[in-house]
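Welcome! Take a moment to look over the sequence and the model, and then read on for a short tour.

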Amino acid sequence: MKIKPLLDRVLVKLEKNEAKTASGIIIPDTAQEKTQIGIVAAVGPGTEKDKIMVNIGDRVMHDKYAGTQVKIDGDEHLVLKMADIIAVVE
């Protein structure tokens, strides 16, 4: 499936959280924090008011409960508004 974001939307592929601690304890999915970092997979064209300020491939941090979650080819993605992106992680 292919998704092309519209207007000021950005498609972000979520990074997977570690399911095991350094000492080897397995953390169940329900106890893990929701990821707040992902890789930009696609961007919309933006609007005059809301410019797109990230590029495909950028690693970004976003608001914790922002966006709409979608599954594409088995991978978790979020469709976010540009305003929900907090920073580019370098």
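## A first look at the chain

Residues 24 or more positions apart make up 62% of the contacts in the chain with a separation of 6 or more. Please keep in mind, as you explore, that this is a predicted model.

What is the chain built from? It has six strands and zero helices, and from the N terminus on the elements read β-β-β-β-β-β.

Next comes the surface. The chain has 90 residues, and 28% of them count as buried. Its accessible surface comes to about 6,300 Å², with 54% of that belonging to carbon and sulfur atoms.

## Salt bridges

How many salt bridges does the count come to? The answer is four. The table below lists some of them, including the pair of R9 and D8.

| Pair | Distance, N to O |
|---|---|
| R9 and D8 | 3.1 Å |
| D75 and K13 | 3.5 Å |
| E15 and R59 | 2.6 Å |

Let us begin with R9 and D8, whose side chains meet in a salt bridge. R9 is partly exposed, with a relative accessible area of 30%. D8, on the other hand, has a relative accessible area of 9% and is buried, because buried means under 20%.

Now turn to D75 and K13, which also join their side chains in a salt bridge, at 3.5 Å from N to O. D75 lies in strand 5 (residues 75-81) and K13 in strand 1 (residues 9-14), so this pair ties together parts that are 62 residues apart in sequence.

The next pair to find in the model is E15 and R59, with 2.6 Å from N to O in their salt bridge. Where do E15 and R59 sit in the chain? E15 is in the loop between strand 1 and strand 2 (37-43), while R59 is in strand 3 (residues 59-62). The two are 44 residues apart, and the pair links distant parts of the chain. E15 has a relative accessible area of 24% and is partly exposed; R59 counts as partly exposed as well, at 32% relative accessibility.

## Putting it together

Strand 1 holds K13, whose partner D75 is in strand 5, and strand 3 holds R59, whose partner E15 is in a loop.

Conventions:
Residues are numbered from 1 along each chain as its sequence is written. This is a predicted model: local features need pLDDT of at least 70, side-chain atom pairs count only at pLDDT 80 or more; totals for chains, interfaces and linings use all residues. Side-chain values use heavy atoms; hydrogens and water are left out. Helices (H or I, at least four residues) and strands (E, at least two) are DSSP runs, numbered from the N terminus. Buried means under 20% relative accessible area, exposed over 50%, partly exposed in between (1.4 Å probe, protein chains only). Contact means heavy atoms within 4.5 Å. Accessible areas come from the Shrake-Rupley method with a 1.4 Å probe; for residues, only the protein chains shown count as cover.
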